[in-house]
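Open the model in your viewer and keep the selection tool at hand. This tour goes from stop to stop, saying what to select and what is there.

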Amino acid sequence: MTAAAIAASGLGKDFGAVRALDRLDLEVREAEFFGFLGPNGAGKTTTVHLLATLLAPSRGGARVAGYDVARDGLAVRRRIGLVFQETTLDRDLTVEENLRFAARLWDLPRRVAEPRIDRLLSQFGLDGRRREPVRALSGGLRRALDIARGILHEPRVLFLDEPTAGLDPRARRSLWQLIRALRESTGLTVFLTTHYVEEAEPCDRVAILDGGRLAALGAPADLKGEAGVGSLEEVFLARTGHPFADGGAA
Ligand SMILES: Nc1ncnc2c1ncn2[C@@H]1O[C@H](COP(=O)(O)OP(=O)(O)OP(=O)(O)O)[C@@H](O)[C@H]1O
Ligand SMILES: [Mg+2]
């Protein structure tokens, strides 16, 4: 039996009168590379924060890595990695200091942490930069370091919230290659949000969220086939509402 890495059932969140996430039913398989797409304000970050136990649901629930997010928050947090939409690295610390600091927070003994840090730095193309302050790195390398730190404790499920936002095309492509290689070598489940829709083509499956509701779910090839279009971007445009007019497009 392969347990679901993520299973949300009727999961929802309100912020006052704002229904950020309506009722999400979603299963993500173990080792799946899952893309969570949607326009600005669709509820992507809210969903990630609910699954990562940073927010309490207003309704419904979810299991992540086999544990209930409401009842077993600590067990969930030990098994997930989370890379926030905004970087949370310390810009004045060096690359390796950032990782060592995270290792201490995770209570990893030095003999475990040091070889892991060495391996991650070389895997992520940061080996030659380890003694430089984060502030000296390009946006792409900072994101790579954010991700390296996010997997230092060897999580089962990795949440990446807009990992490529603000990066140039080459840096975005390199980062995607890195994420795919990571997932192939470790069998990690990757749950990634993005609004660069075309980037999500290599995902096993994608969900499109719009206004807190699922607008589409499936393998990119199937979604394109169903909609009779040639790109994921066209699927996205067909399934999501127009941002500047009431009930405009579609
Ligand atoms: N803490 C909060 N308080 C009030 N409203 C919030 C809060 N967090 C999110 N919202 C609202 O909930 C909705 C969903 O926001 P969310 O950040 O989850 O969207 P998103 O899909 O991640 O958007 P983006 O692509 O811009 O990152 C938006 O209308 C947003 O304004
Ligand atoms: Mg967001």
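Select Lys44 and ligand 1. A polar side-chain atom of Lys44 sits 2.7 Å from an oxygen atom of ligand 1, a polar contact (a pair of N or O atoms within 3.5 Å; within protein, one must be able to donate a hydrogen and the other to accept it, and residues adjacent in sequence count only if both atoms are side-chain atoms). An N or O atom in the Thr46 side chain is 2.6 Å from an oxygen atom of ligand 1.

How much of ligand 1 does the protein bury? Taken alone, the ligand exposes 640 Å², and the protein buries 60% of that. Such areas come from the Shrake-Rupley method with a 1.4 Å probe; for residues, only the protein chains shown count as cover.

This is a predicted model, where local features need pLDDT of at least 70 and side-chain atom pairs count only at pLDDT 80 or more, while totals for chains, interfaces and linings use all residues. Residues are numbered from 1 along each chain as its sequence is written, chains are lettered from A and ligands numbered from 1 in the order in which they are written, and side-chain values use heavy atoms, leaving out hydrogens and water.

Helices (H or I, at least four residues) and strands (E, at least two) are DSSP runs, numbered from the N terminus.

Next, select ligand 2, the magnesium ion. Which atoms coordinate the magnesium ion? They are OG1 of Thr45 and OE1 of Gln85, at 2.0 to 2.3 Å. The pair links distant parts of the chain, 40 residues apart: Thr45 is in helix H1, and Gln85 is in the loop between S6 and helix H3 (95-105). Donors are N, O and S atoms within 2.8 Å of the metal (3.2 Å for Na, K and Ca); water is not among the atoms, so sites may look incomplete. Thr45 is partly exposed, at 25% relative accessibility. Gln85 is partly exposed too, at 36%. The cut-offs are under 20% relative accessible area for buried, over 50% for exposed, and partly exposed in between (1.4 Å probe, protein chains only).

Move to strand S7, residues 157-161. 5 of its 5 residues are buried. Val157, Phe159 and Asp161 cover one side, with Leu158 and Leu160 on the other. Now show the neighbouring strands. S6 (residues 80-83) runs parallel to S7, joined by 4 bridges. Phe159 is the bridge partner of Leu82. S8 (residues 189-194) is also parallel to S7, with 5 bridges. There, Thr189 is the bridge partner of Val157. Two strands pair if DSSP finds at least two bridges between them.

Step into the loop between S7 and H6 and select Glu162. Its phi is positive, about 50°, although Glu162 is not a glycine. Most residues other than glycine have a negative phi. Glu162 counts as buried, at 2% relative accessibility.

Finish at Thr53, in the loop between H1 (44-51) and strand S4 (59-64). Its phi is near 70°, again positive without being a glycine.
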